[in-house]
Amino acid sequence: MNITTSSIKEQLQNQAPEGNKRISREQAEWLWKNASNDELIELASIVRDRYHKPNHATYLLMRIINYTNICVAKCDYCSFYRLPRDKDGYVRDNQWIFSKIDELTAVGGDLFGFNGGFNPQLKIEYYEELFGKIRQKYGDTIEFYALTVVELLYIARLSKLSTPEALARLKAAGVRWITGGGAEILADSFRLRHSPLKYTVAEYMETQRDILDAGLNSTATMVIGFDESLDERLSHLETVRNFQDERLNSGKNGLFSFLCWTYKPYNNELGGEEIGSDEYLRHLALCRIYLDNIKHLRTSVLTQNEAALQGLRYGADDFDVPWEDEVTQMAGAIVEQDLERVLGYAHTAGFETSYRHVASNSRTFQERALAAKGK
Ligand code: SF4
């Protein structure tokens, strides 16, 4: 059967005779090669509308806390890591970490992401103590993404624990979220070329399964713009969609969201050229159309700045306004901290916005709401 945009549109709208509302990998490839931007926007909106109100998006304020830059994974695209004996390697102390949390809550933010590296000095006890102290000090007024999938796997192995054992200990310390970081491109050919020590696709997905089975929340991520092929990109999407199918079809919890951002080629071994916003936005639309079983598609303000808000037209429904992320900033990302300006870009793209609470008792926002009511 000939693939056309109108036949895919009918399919997504459930008007195709066979009643299949989902596109195949072959159709995704065809769309990438042949569909215009307007067509991608239209198709992505059909899938977006299954989950979200049109012209409305959610956002949150988020700070990445880079608690250590020591890492032995040596990915060639990384601008951030230092090896254990390097003079400028660091592990931040708790006071430094608390001050980073306090700075963001003072301006109304309540979500933090911890991101370090494969630091051979930091075993599970370090993380139990750190996250336990954070939960003790801040309770439910903030929330945090404790680790990425690959960090978790590294720490478990370093500590001679199974991943479920490591997860049980972290959960007892107050951890509720892990993120899908460390995915980049989920194709073993890509990982062998650029990050052979960062685990295979099977190991990564198995760890995702363990996280969700432990009752924690997790997300999916993807980074594009290295030297990955279209086939490798499609493999990534297919792996994530199949995984989410497996979870949801057996009545289990699935991945909360999918976030894609772009590689920044500065100050690292791999180098290269940045891809343009047009390619990012087209890819975002393809993600929305193909990943029909993940509710939230997030657009990356951190790596795309103003253009990221155009991503709302290409199927995204959520974004964070990043306060700090050393990893991507060292690779060339420019942090846009002006909340009003970022929200203005979303409004210009045609979207109303509202804050998405992750913390169950976000004191700063409750206080703001009460103040606004004059109480
Ligand atoms: S990308 Fe992450 S895992 Fe890879 S070298 Fe950098 S810090 Fe380490």
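The shell around the ligand divides into 7 nonpolar, 2 polar and 2 charged residues. Here Ala, Val, Leu, Ile, Met, Phe, Trp, Tyr, Cys and Pro count as nonpolar, Asp, Glu, Lys and Arg as charged, and the others, Gly among them, as polar. The surrounding residues are Cys71, Ala73, Lys74, Cys75, Cys78, Phe80, Tyr81, Gly117, Phe118, Ser195 and Lys198. A residue is near the molecule if its C-beta atom, placed from the backbone, lies within 6 Å of it.

The model is predicted: local features need pLDDT of at least 70, side-chain atom pairs count only at pLDDT 80 or more, and totals for chains, interfaces and linings use all residues. Residue numbers start from 1 along each chain as its sequence is written.

Helices α7 (residues 163-172) and α9 (residues 201-213) have axes that come within 10 Å and cross at roughly 40°. Axes are lines fitted to C-alpha atoms, for helices over the stretch in contact, with angles from 0 to 180 degrees between N-to-C directions. Helices are DSSP runs (H or I, at least four residues), numbered from the N terminus. On the α7 side, Thr163, Pro164 and Leu167 meet Thr207, Asp210 and Ile211 of α9. Contact requires C-beta atoms, placed from the backbone, within 7 Å. By class, this contact has 3 nonpolar, 2 polar and 1 charged residues.

Lys160 lies in the loop between α6 (149-158) and α7. Lys160 is exposed, because 10 other C-beta atoms lie within 10 Å (exposed: 12 or fewer; buried: 20 or more; partly exposed: in between). Lys160 and Lys123 are 37 residues apart in sequence, yet their C-alpha atoms are 9.3 Å apart in space.

Notes: Helices (H or I, at least four residues) and strands (E, at least two) are DSSP runs, numbered from the N terminus. Two residues are in contact if their C-beta atoms, placed from the backbone, lie within 7 Å.
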